Amino acid sequence: MDVLNNIWFYISIVEFVVIASLLIVILKNKKRKHGKKINKKDLLNSSEDVDFGGVIQSSFHAKGLYDTLIRKCHPDRYIDEKRRQIASELSSQIVENKHNYKKLCELKEIAVVKLNIKID
Amino acid sequence: MFENTWNRIIEWFKDRSERAKLVRNFNEAARNAFVSGSVPTLLKADFSKGVKEYRHDLSAWINTGFRVQAFTGRPLSKAEMQFIGLTILSDESLIRRLIALGWDTLEVHDNKGTYGLRWKMMDHVVIGGILPEYD
């Protein structure tokens, strides 16, 4: 109780608050100086748009769709040179996006339109 | 020196908060996908000890493993675990974020079997080009 009645106790608290705010100001200024530098913080901010839903969907559905697409869009299935070329391009994109369900869905739409095929 | 230590302390607390937020967001997305019926299995992300040999410059002090557990009710085959792991690793933005937040090991396992799979995250992303200060 004696400590709480002592004026120096309150003065020390005020001093602590002043020092803490000064430190915060110094830290903020430092950050501004290094604002343009690419660092860990920039890396974190630039990747705010992580699509967790997409990753989870891909984990379970991408494989089935990939297997279907890679079979249906195989260039050897097409005799016509133009369609064979389209199928070849699509196949390479399908392989690139093997684990990306959203991208595979887009490629499926393209395949249906351009190759004139049915995919369930 | 004091300033450097102070910065490190602040950085550590920020990273802890960001790490917890990322795990929470992952689990929330997995739960929503499971409840809505769009995926057949519930996934759960968690911290794990990690592998010492997989450490990199940005590795956290402790708990450097990002563990994904699949509640399948049956042992997953190696191919199934591999596909889940590679799907996560193929998401560039997610894996960059995991590395920046101090994770170095990705683990995938089920809730029934004995075995799981592990990957070294640094083998699946190129960040040297945009992080010259960490070279």
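## Basis

The model is predicted, with local features needing pLDDT of at least 70 and side-chain atom pairs counting only at pLDDT 80 or more, while totals for chains, interfaces and linings use all residues. Residues are numbered from 1 along each chain as its sequence is written, chains are lettered from A and ligands numbered from 1 in the order in which they are written, and side-chain values use heavy atoms, without hydrogens and water.

## Salt bridges

The count over all chains is 10 salt bridges (a side-chain nitrogen of Lys or Arg within 4 Å of a carboxyl oxygen of Asp or Glu). In chain A, A:D76 pairs with A:R84 at 3.8 Å between the closest N and O atoms. A:D76 is exposed at 58% relative accessibility. A:R84 is partly exposed, at 31%. Buried means under 20% relative accessible area, exposed over 50%, and partly exposed in between, using a 1.4 Å probe and protein chains only.

Chain B also has a network of salt bridges, which links B:R67, B:E107 and B:R118.

## Helix α3 of chain B

Two bridges involve this helix. B:E18 meets B:R97 at 2.8 Å, N to O. This pair links distant parts of the chain: B:E18 sits in helix α1 (residues 2-35) and B:R97 in helix α3 (residues 92-100), 79 residues apart. Helices are DSSP runs of H or I with at least four residues, numbered from the N terminus. B:R97 is buried, at 7% relative accessibility.

The other bridge joins B:E92 to B:R96, with the closest N and O atoms 3.2 Å apart. Both residues lie in helix α3 of chain B, four residues apart, about one turn of the helix. B:E92 is partly exposed at 36%, whereas B:R96 is buried at 18%.

## Second largest pocket

The second largest pocket holds about 280 Å³ of space. A pocket is an open set of points on a 1 Å grid over the protein atoms alone, where a 1.4 Å probe fits, with protein on both sides within 12 Å along at least five of seven lines; lining residues have an atom within 4 Å of a point. Grid points are joined across faces, edges and corners, and the volume is the space filled by probe spheres set on them.

The lining has 16 residues, and A:S58, A:H99, A:N100, B:S90 and B:D91 lie nearest the centre. Elements giving two or more residues are α4 (52-72), α5 (81-96) and α6 (101-115) of chain A, with α2 (78-90) of chain B. α4(A) gives the most, with three residues. By class, the lining has three nonpolar, eight polar and five charged residues. Nonpolar covers Ala, Val, Leu, Ile, Met, Phe, Trp, Tyr, Cys and Pro; charged covers Asp, Glu, Lys and Arg; the others, Gly among them, are polar.
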